[in-house]
Amino acid sequence: MEGPGAVMSGGCLCGAVRFTAAPQNRNVGACHCSMCRRWSAGPFLVLDCGDTLQVENPACLGTYRSSEWAERCFCATCGTPLFYRLVGKGMYFVSAEAFDDRAGFVFASQIFIDEKPAYYDFANATHNMTGAEVFAAFMPSEAAEAKG
Ligand SMILES: [Zn+2]
Ligand SMILES: [Zn+2]
């Protein structure tokens, strides 16, 4: 496993929440699952930040436990969706658009592609996975009906 990359900063729309994180790479992944789309008003685009996310002012965060295994965090003041985390696993997936500097970002993957509504399609060439493939690859111990 690679070590963490450079530390990057970001925050919400109103500035109440600021954070730093050191993603291993600049690969952006989109999640098309119904929960991400409803929560973020579109596919949720994230960087895998492992356990490197540090929120400077966690008292300003709102938290919503959206499933058995995932929690979604947002600014309690302006409502910006910021990241989701896998409960008890120290894994944070942070909104690509919450970072201050998106230089070098590469749109690399799309997950829950089978839940993507028909009315939009990204033209980028990406690695796509269905929900079942995601669970098989990353969470083999979780029930296939669970999603975050
Ligand atoms: Zn805010
Ligand atoms: Zn999702």
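W39, F44, Y84 and F93 form one aromatic cluster. With that as a starting point, here are some exercises.

This is a predicted model, in which local features need pLDDT of at least 70 and side-chain atom pairs count only at pLDDT 80 or more, while totals for chains, interfaces and linings use all residues. Residues are numbered from 1 along each chain as its sequence is written, chains are lettered from A and ligands numbered from 1 in the order in which they are written, and side-chain values use heavy atoms, with hydrogens and water left out.

**Exercise 1.** Find which residues coordinate the zinc ion (ligand 2).

*Solution.* Start with the definition: donors are N, O and S atoms within 2.8 Å of the metal (3.2 Å for Na, K and Ca), and sites may look incomplete because water is not among the atoms. Next, look around the ion: the SG atoms of C31, C33 and C36 coordinate it at 2.2 to 2.3 Å. Along the sequence, these donor residues follow the spacing C-x1-C-x2-C. Finally, check burial (buried is under 20% relative accessible area, exposed over 50%, partly exposed in between, with a 1.4 Å probe and protein chains only): C31 and C36 are both buried.

**Exercise 2.** Decide whether the rings of W69 and F135 are stacked or edge-to-face.

*Solution.* Rings of Phe, Tyr and Trp (its six-membered ring) pair if their centres lie within 6.5 Å; planes under 30 degrees apart are stacked, over 60 edge-to-face, and the rest tilted. The whole structure has eleven aromatic pairs. In one of them, W69 and F135 are 5.8 Å apart centre to centre with 85° between the planes, which is edge-to-face. W69 lies in the loop between β6 and β7 and F135 in helix α2, so the pair ties together parts 66 residues apart in sequence. W69 is buried at 11%, as is F135 at 6%.

Notes:
Helix = DSSP H or I, 4+ residues; strand = E, 2+ residues; numbered from the N terminus.
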